[in-house]
Amino acid sequence: MNTRSPSPTQVGIGLCGLVLSLLMMWGATSISSEAGYAGVGPNFLPWVVAIFLAACSGYLIWESITGGYRNMPEPSGAEKADWHAFAWVSAGILANAALINVAGFVLSCAICFILAVRGLRVAQGEPAGSLSQTLKDCVLGFLIAAPVFWLFTLFLAINLPNLTGTPWL
């Protein structure tokens, strides 16, 4: 039997998540429920996300009040934050936000991937990456971003920023 006292931080986070989910549900009521493709309306996904967030928040509150997460191993990682890794990942996200309308979805997401992967390597204590590794990351970033772009633009008919004015890049 676990004798840990409830974690106020976990309860607070769970309550914030619960409030956020209720706000999302309230917002979803103002979205049209008129059926679209395959009988699913535009308010379907907001409801799914809100209900899932409410369930996760409720579970976090319950776990905390009943003694917290039992039989969990000690957390791994460094005692202090890795600011270099944080800076690389943040630079990737900010570059994506800054470049998406200028360079298009595929290129901006590929750049985000390259910078974020570099940061994750640094966080694991590995070298950030040589020129050949960076080129591999670039290719992999394009191989991930391009199909996502095509899925959204060609199959779901959602307009994403593109570089060439065509549905291909």
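Let's start with Trp83 and Phe86: they sit three residues apart in helix α3, residues 83–103, so about one helical turn separates them. Keep in mind, everyone, that this is a predicted model.

How are these two rings arranged? A pair of aromatic rings is described by the distance of the centres and the angle of the planes. For Trp83 and Phe86, the centres are 5.5 Å apart and the planes meet at 85 degrees. Planes over 60 degrees apart count as edge-to-face, so that is the label this pair gets. In total, the model has three aromatic pairs. And is Trp83 buried or exposed? Trp83 has a relative accessible area of 60%, and since the cut-off for exposed is over 50%, Trp83 counts as exposed.

Arg118 lies over its face, 5.2 Å from the ring centre.

Now over to helix α2, residues 44–65. Which residues of α2 are buried? They are Ala50, Ala54, Ser57, Leu60, Ile61, Glu63 and Ser64. Part of what covers them is α1, residues 8–28. After α2 comes Gly67, with a positive phi near 115 degrees.

Next stop, Ser108, which you'll find in helix α4, residues 105–123. Its relative accessibility is 0%, so Ser108 counts as buried. What does its side chain reach? The backbone oxygen of Gly104, at 2.9 Å. Setting aside residues up to four places away in sequence, Ser108 touches Asn96, Leu99 and Ile100.

In soluble globular proteins, nonpolar side chains tend to be buried together. Here, the largest nonpolar core has six residues, namely Phe105, Val106, Cys109, Ala145, Ala146 and Phe149. Helices α4 and α5, the latter being residues 131–155, each supply at least two residues of this core.

Which residues is Phe105 in contact with, once neighbours within four places in sequence are left aside? The list is Ile100, Ala145, Val148, Phe149, Leu160 and Pro161.

Methods:
Residues are numbered from 1 along each chain as its sequence is written. This is a predicted model: local features need pLDDT of at least 70, side-chain atom pairs count only at pLDDT 80 or more; totals for chains, interfaces and linings use all residues. Side-chain values use heavy atoms; hydrogens and water are left out. Rings of Phe, Tyr and Trp (its six-membered ring) pair if their centres lie within 6.5 Å; planes under 30 degrees apart count as stacked, over 60 as edge-to-face and the rest as tilted. Helices (H or I, at least four residues) and strands (E, at least two) are DSSP runs, numbered from the N terminus. Buried means under 20% relative accessible area, exposed over 50%, partly exposed in between (1.4 Å probe, protein chains only). A charge sits over a ring if NZ of Lys or CZ of Arg is within 6 Å of the ring centre and within 35 degrees of the ring normal. Contact means heavy atoms within 4.5 Å. A polar contact is a pair of N or O atoms within 3.5 Å; within protein, one must be able to donate a hydrogen and the other to accept it, and residues adjacent in sequence count only if both atoms are side-chain atoms. A nonpolar core is a set of buried Ala, Val, Leu, Ile, Met, Phe, Trp, Tyr and Cys residues joined through side-chain atoms within 4.5 Å.
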